[in-house]
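Please read it alongside the sequence and the model.

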Amino acid sequence: MEGLDMVRQLIGEVPELFEIYASPPYYLHPQPHTQPPRPPPLPHHHHHQHHHNHRWCFINLDDKSAEDGCYSFIMRAGKPVTFKMLEHSSKPPAAKKSRKERNWGRIANATCSTETMENQIWKEFPEDLFEAVIARLPIATFFRFRSVCRKWNSMLTSNSFSQQCAQIPQSQPWFYTITHENVNTGAMYDPSLKKWHHPTIPALPTKLIVLPVTSAGGLVCFLDIGHRSFYVCNPLTRSFKELPARSVKVWSRVAVGMTLNGESTSGGYKILWVCCDGEYEVYDSIKNSWTRPGSMPSSITSPVYLNFMSQAVSIDRTLYFMRSDPDGIVSYNMVTGVWQQFIIPAPLHLSDHTLAECGGRILLVGLLTKNAATCVCIWELQKMTLLWKEVDRMPNIWCLEFYGKHVRMTCLGNKGLLMLSLRSRQMNRLVSYDLSSREWLKVPGCVLPRGRKRQWIACGTAFHPCLTASA
């Protein structure tokens with residue numbers, strides 16, 4: 001019985017000892033004490049040659065830097081953590097630690113004791129899982145991750161990483177634009193972050209003015225202002241190609257469209273140029289050559305007065321171009337090589353109009369001016385009647401700014417998300433419009449690095465950012 005009483009007494013003292021020296025385990029729930037007990041005297045270790053002051057180590061949660069340091073220590077083994085050292089004294093210990101303090105103490109202790117094991121775990125982490133995670137990062141974050149090591153930097157050329165990127169739904173398009181003051185330097189706009197980037201593409205010729213005219217699969221197609229040479233580039237990775245010379249020597253203004261052969265640029269792409277007299281050619285990236293499939297059929301009204309302000313739209317590998325006199329659309333199927341013409345009357349009082357596309361629908365965006373009032377309107381093509389139906393217009397409060405002014409508009413992208421440059425002598429505005437959500441937003445002004453002056457956007461095109469697209 002005496003032994004049993006001693007065991008009971010010892011069990012009764014366990015919660016008190018845990019309150020003094022450590023956090024109690026989950027299965028012990030000691031009652032609160034009105035006055036914390038004094039700690040028992042520490043035993044002396046006579047076998048040591050030197051005497052040491054015994055210390056306890058706690059994370060200083062009041063210090064924000066300490067909390068961040070501990071997090072970094074957990075994520076990256078070996079990073080030192082800020083601790084608060086408490087000397088042992090005869091004073092009563094502090095009150096019972098909170099759950100947060102106990103959790104941080106357990107994590108820090110576990111990290112210190114399992115550092116070697118965690119290194120082993122990360123060493124054997126599956127590569128495909130690494131690529132799956134990194135492929136889903138925002139574009140700007142990925143480029144910061146590239147600097148971690150050579151292996152991550154080499155993912156851009158990895159076939160498995162390309163497959164991971166192909167499984168991710170397309171994000172909002174970015175915009176590659178050219179400003180009036182810096183025609184040889186592009187500016188990219190990321191609508192998700194509402195931020196401008198200023199890339200450099202060293203391979204582009206500096207003595208010529210090259211303009212972005214179309215895009216597909218993350219690649220942007222450029223044409224020099226003399227309409228002689230074509231270039232294809234991925235603005236994110238600087239993958240670059242100058243296309244071979246055209247077989248038809250046509251230096252007049254041309255309209256350009258671009259499509260993919262498959263789901264990504266790995267399957268190749270095609271580029272079509274067409275001019276008003278009906279001449280056209282198709283470039284095939286697989287063959288790396290231009291071909292002239294034939295001539296426009298007689299059913300297409302000639303000459304073809306193309307609206308060069310309007311970029312082509314691509315739907316199911318068919319390109320659509322806007323024409324006038326008569327007003328309408330001409331299309332070219334890049335697979336079958338068939339041309340078609342659709343006569344569609346334009347809305348009254350329309351100017352600066354351009355085609356757009358969203359989810360397989362063909363839309364029209366333009367300025368509607370009547371008397372002194374000007375407004376940006378959106379129309380959708382009705383396939384049964386081949387008529388334009390107005391579906392939205394800019395908020396009236398925004399349109400009031402245009403009243404009595406001679407406003408010009410340039411559409412800088414027509415792939416689901418529009419960027420419109422609205423300008424007059426007294427005004428320079430950038431506006432975006434989401435064709436699916438019908439949301440109007442103001443775009444921050446484009447300012448060059450280390451500059452203050454807002455840039456006037458001359459032209460541009462939308463492209464879906466793709467890390468693995470290769471020219």
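## Aromatic pairs

Trp 339 is buried, with a relative accessible area of 7%. In this predicted model, which holds 11 aromatic pairs, Phe 230 and Trp 290 form a tilted one, with 5.3 Å from centre to centre and 50° between the planes. Because Phe 230 belongs to strand 8 and Trp 290 to strand 13 (residues 289-291), this pair ties together parts that are 60 residues apart in sequence. Phe 230 is buried at a relative accessible area of 2%, and Trp 290, at 10%, also counts as buried.

Trp 339 itself pairs with Tyr 280 in an edge-to-face arrangement, the centres being 5.2 Å apart and the planes 75° apart. Here too distant parts of the chain are linked, since Tyr 280 lies in strand 12 (residues 280-284) and Trp 339 in strand 18 (residues 339-343), 59 residues apart; Tyr 280 is buried, with a relative accessible area of 3%.

## Ring cluster and charge

Ring pairs join Phe 230, Tyr 269, Tyr 283 and Trp 290 into a cluster. Elsewhere, the charged end of Arg 246 sits over the ring of Trp 273, at 4.8 Å from its centre.

Strand 8 (residues 230-233) is joined to strand 9 by three bridges, and Val 232 stands opposite Lys 241 of strand 9.

## The whole chain

The protein chain has nine helices and 27 strands, and 41% of its 471 residues count as buried.

Notes
Residues are numbered from 1 along each chain as its sequence is written. This is a predicted model: local features need pLDDT of at least 70, side-chain atom pairs count only at pLDDT 80 or more; totals for chains, interfaces and linings use all residues. Side-chain values use heavy atoms; hydrogens and water are left out. Helices (H or I, at least four residues) and strands (E, at least two) are DSSP runs, numbered from the N terminus. Buried means under 20% relative accessible area, exposed over 50%, partly exposed in between (1.4 Å probe, protein chains only). Two strands pair if DSSP finds at least two bridges between them. Rings of Phe, Tyr and Trp (its six-membered ring) pair if their centres lie within 6.5 Å; planes under 30 degrees apart count as stacked, over 60 as edge-to-face and the rest as tilted. A charge sits over a ring if NZ of Lys or CZ of Arg is within 6 Å of the ring centre and within 35 degrees of the ring normal.
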